[in-house]
Amino acid sequence: MIPGFIATNAPALLIAVPLLGAFLSPVIGIISRDARALWVLAIITLTAIIGYFVAFLVYTEGTVLYVFGAAETALTVPPDSGGIPIRIIFAIDAMSALMVIIAVTVGFAVILYSLSSDSRRSGLEAYYTIFLLMIGAVLGMVSTGDLFNFFVFLEISSLASAGLVAYKVERGLAVEAGLKYLLVSTIGGIFFLFAIGILYGQYNALNIAMLAEVIQWTPLDKLALVLIIAALAAKCGAVPMHFWTPDAYSMAPSAVTAMLVVASQASLYGLFRICFTLYGMTLSYVTIGWVIIILGLLSMIVGVTMAIPQKDIKRLMAYHAVSQTGYMLLGVGVGLAVLGDQALLSSYGTTAMEGGIFHIFNHAMYKGLLFLTAGAIIYQVGTSDLNRMGGLGHKMKWTMIFFIIGALAIAGIPPFNGFASKFLIYESVFAFSPILSIIAMVVSILTLASFVKVFHSVFMGPPLPEHENVKEAPHTMLIGMTILAALVIISGIFPEFFIQNLIAPAANALIDQAGYIATVLGGA
Amino acid sequence: MRMSKIVRFSADVLFGAILIFGFYIILHGHLTPGGGFQGGAVVATGAALVIVAYSYEEVLHMIKKAGLMLQESAGLVMFAGVALIALGLGTTFFFNYLANSGLLFGMSVPFGPNPGELNTGGVLPLMNIAVGIEVWGGLAIVILYMLSGISKAEEA
Amino acid sequence: MFWNLPYVAVVLLTVIGLATILLKRNLIKIFFGVGILTSAVNLFIIALGYREGGIAPIYTYAASENMVMATPQALTLTSIVIGVATTALMLSFAVIIYKTYGTVNVDEIRELKE
C-alpha cells in the first residue's frame, strides 16, 4: 500500500511535504487560482495522511526516531561520534503524536475553510505559502528532539504567524497587531536562545535526551528554565504576557486565528516537554509546578473577566482562549507539582495531566470551530461588532448550530468534549487543592454566561434590516467547520476511548523521562 | 530618485564585480567561511546598489518581481529536492549521497595542507547554490518592496 | 576575570537592548533594541564556543583532538539568518504603519487599545 521508503521516512516527509508545497505554491499560482487551490488542498491532504500514519506508528509501535542525514533512520548516536548524538533528530513519542494529530486535523479544516473565506483577497500566493510554512513549522516544533531545532521551528512559526496576522495589510490595525506579536515572539525567541546557550555551555549537548541525562539543576540551569518558561508562556498567551493575544487573534483572518491557537499550543507543548522531559525530576517540581498553576489561575481569571465586556466577537473569543489556556496549565501544573510523589501521582496527578492534555486536544477543536464560525459571520455580515449583529439565526442555520456546539463545549456542558476534560481537571484538582477546583468551576460558569450573551446578540432577536441579503456561508467553509464539530461531538460522547487510546499514552510519555532517554540514546 | 551619471556608471561597473564576488562565496561555501546565505546576501547588495543608483521606475524595468519570486521558489525547491533525492536512494532525508562517490562534487577530501579542492563536499555545494539562489531572490524582493513603500509615502 | 570580558559585554548588551526596547517610543529605535539583543545572544554563543588552543575545523592537517566543534558557529549563523528575516519583517511593518498613521511613535499608533 505505502512504499517502504515512504513509510520509513514518514517523519521527515511530515515537514518536507508542507515546506515543498509552500515553496511551489507561488509557481503553481502563476497557472491559475484554481490550480493553486487544488495544489494547496492536495498538499494539506497528503500532510494529514502522513501525520495520521506517523501517529498510528507511534501509538502501535512506540516512539518513532528519525535522524536527519544519517545512514539509517534510527542511528541517533553514530559509532564515530564518541557517544554524542551529533545530528538533528526527530523523536516522536505519544505526546508529540497527539500534537501532530491536532495540527494536521485543524490544519486540514482551516485550509479547506480558507479556500473560500479568503478567496476574495489579493496576495494569495504569499498567503498560502506562509500558511503551509506555519503548519510545517508547528509540525516541526512538536516532532523535534533537539533543542536548537525547536528554536528554529519556533522562529519560523513566529515569523509566519506574524505575517499572517498582518495579512489584512490595508487595515493598519492588523499590521499593528502583527508587529506586537512579532516583537513579543522575537524577544521570547532571544530569551530561549540564551537558555539554549546556557545549557550548551554547561553540557555540550543540544539533544533533549542527552541533556536530560546529564542535567544537574545548577543555578545556571535555573536561570535557563526561567528564561524558557518566560519565552514559551509569552508565546502561548498566558497571563501576564497575554496582551498580544486579543489583538493578534482578532485581527488575523479567521482561518489563521484557528491555526494560531494550534501554534500557541505547540509552544505549550514545548513548555511541558522541557519541564517534564528535559528537567524532569531534577527541578524542584513543587515550586515550578506551583509557578505553572499560578500562571494558569491568573490566565483563567484574567482571561474570562476581560472577555465579558468585549464588543468585538473575535476579541471576546481571544480572551476566552487565554482563559482556556489556563485550564491546560492548571491540569499539567498539578501533575508537575506531585511529580516526585508516586502515590499522589497515581491517585490524582496523572488524571490531572490527562485532563490538561485532553483539554489541549479539545480546545484546539472547539476553539478552532468557534473562530471559524466567527469568521463565517464576519464574512457574511461584514462586521465583527456584536452590537451591529442580530437575528442571524434564521439566515445562517448551520453556522448557528456549529456555534452552539462550540459554545457549549467551551463552557463545559455535557455531552461535548469540553465537559470531559474539564471534569477530569475539576475532579483531580479538587483532590490536590479544593479552592483551585472551585475557581476553575466559577470561570467555567462565567464562560457560559459570556457565550450566552454572544449567542443572544448574534443569532436571536429580530433580523436587522441591513442584514437583508445575508446568506449561509459557502460549502467549503461549512465542510471545514463540520470536521471540527464532528470531532467535538465524537470526543464528547466517547471520551473514554480518546483518553485511553490517545491521552493516557501522551501523559505517560511526559512522565516517563527515563523511557524517553533510553529510547533516544539506546538506539545505537 | 535618480543619481548622477558618475554614480550610475560606477554602479554598472561594480554590479558585475559584486555578482562575481557573491558567486565566489556561494561556490566556495564548503571550503571557506561563507556559503549560500552570505553569498546570496552579497549578490542582493548588488541589486540594492542598482536600486540606489537608478530611480524606482527604471529599476522595475531592469528587475522583474515575478522573476525574483520564481527564483526564490526555485532555490527553495532545489534545496528540498536535493534532500528528497536521498529518500529515493534508501537513506535518510538530507543524507550526503554524493560525498566520496566520484560523481559531481564527489571527490574525497585530500589529507594534509591544501588550498581546498572545489570538487568535494557532496551535496553541500549543491545546497549552498540552492540557498544562494533563494537568498538572492528573496533579499532583492524585500529591498524592492520596501523601496516601493517609500516612494509611495513620499508622493502622498 | 579578564577572560570573562565577553560575558560582561553580553550582559551589558542585553541590558542596553532591553532598555532600548522598553524605554524608547520610536518603532525604529525599538527595532535597534531587538538588534542589539540578538547581537548579545550571538556573542554569548560564540564566546561559549571558544576553546584555548583549539583549531578551526577547516584545516585538514590539524590533529583531530585539537579541532573545535563548529556547533556554536552554526547556531550563531542560523540565529543571524533568523535575525535578518525578523528585521526585514519588522521594517516592512514599520513602512506600512508609517503609511497608515503617518508616524512611527508607539504612543500615537495605539488604536487597538480599548
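Colleague: Let us begin with chain C: what share of its residues count as buried?
Modeller: First, this is a predicted model, in which local features need pLDDT of at least 70, side-chain atom pairs count only at pLDDT 80 or more, and totals for chains, interfaces and linings use all residues. Residues are numbered from 1 along each chain as its sequence is written, while chains are lettered from A and ligands numbered from 1 in the order in which they are written. A residue is buried if 20 or more other C-beta atoms, placed from the backbone, lie within 10 Å of its own, exposed if 12 or fewer, and partly exposed in between. Among the 114 residues of chain C, the buried share is 28%.

Colleague: What is the mean pLDDT of chain C?
Modeller: pLDDT is the predictor's confidence in each residue, from 0 to 100. In chain C, 88% of the residues reach 70 or more. The mean for chain C is 85.

Colleague: And in what order do the elements of chain C run?
Modeller: Helices (H or I, at least four residues) and strands (E, at least two) are DSSP runs, numbered from the N terminus. Chain C has three helices and zero strands. From the N terminus on, the order is α-α-α.

Colleague: Which element gives the largest share of the side of chain C that touches chain A?
Modeller: Two residues are in contact if their C-beta atoms, placed from the backbone, lie within 7 Å. By that rule 24 residues of chain C meet 25 residues of chain A. Helix H2 (27-48) and helix H3 (71-101) of chain C are the elements that give two or more residues to the chain C side. The largest share, 13 residues, is that of H3(C).

Colleague: How is H2(A) oriented against H4(B), roughly parallel or roughly antiparallel?
Modeller: Helix H4 covers residues 65-88 of chain B, and its axis lies 8 Å from that of H2(A), at an angle of about 155 degrees. Axes are lines fitted to C-alpha atoms, for helices over the stretch in contact, and angles run from 0 to 180 degrees between N-to-C directions. Angles under 35 degrees count as roughly parallel, over 145 as roughly antiparallel, 65 to 115 as roughly perpendicular and the rest as oblique. H2(A) and H4(B) are therefore roughly antiparallel.

Colleague: Which hand does the crossing of H12(A) and H17(A) have, left or right?
Modeller: Helix H12 (residues 285-307) and helix H17 (residues 434-459) of chain A pack at about 25 degrees, with axes 10 Å apart, and are therefore roughly parallel. A crossing is left-handed if the near helix is turned anticlockwise from the far one by less than a right angle, and right-handed if clockwise. The crossing of H12(A) and H17(A) is left-handed.

Colleague: Where in chain A is the cis proline Pro240(A) placed?
Modeller: The cis peptide bond joins Val239(A) and Pro240(A), with omega about 10 degrees. Pro240(A) sits in the loop between helix H9 (219-235) and helix H10 (244-251).

Colleague: Phe94(B) has a positive phi; is Phe94(B) buried or exposed?
Modeller: Phi of Phe94(B) is near 70 degrees, in a residue other than glycine. Phe94(B) belongs to the loop between H4 and helix H5 (123-155) of chain B. Because 22 other C-beta atoms lie within 10 Å, Phe94(B) is buried.

Colleague: Last one: how does Asn204(A) count, as buried, partly exposed or exposed?
Modeller: Asn204(A), with phi near 55 degrees, lies in the loop between helix H7 (172-203) and helix H8 (208-214) of chain A. Since 14 other C-beta atoms lie within 10 Å, Asn204(A) is partly exposed.
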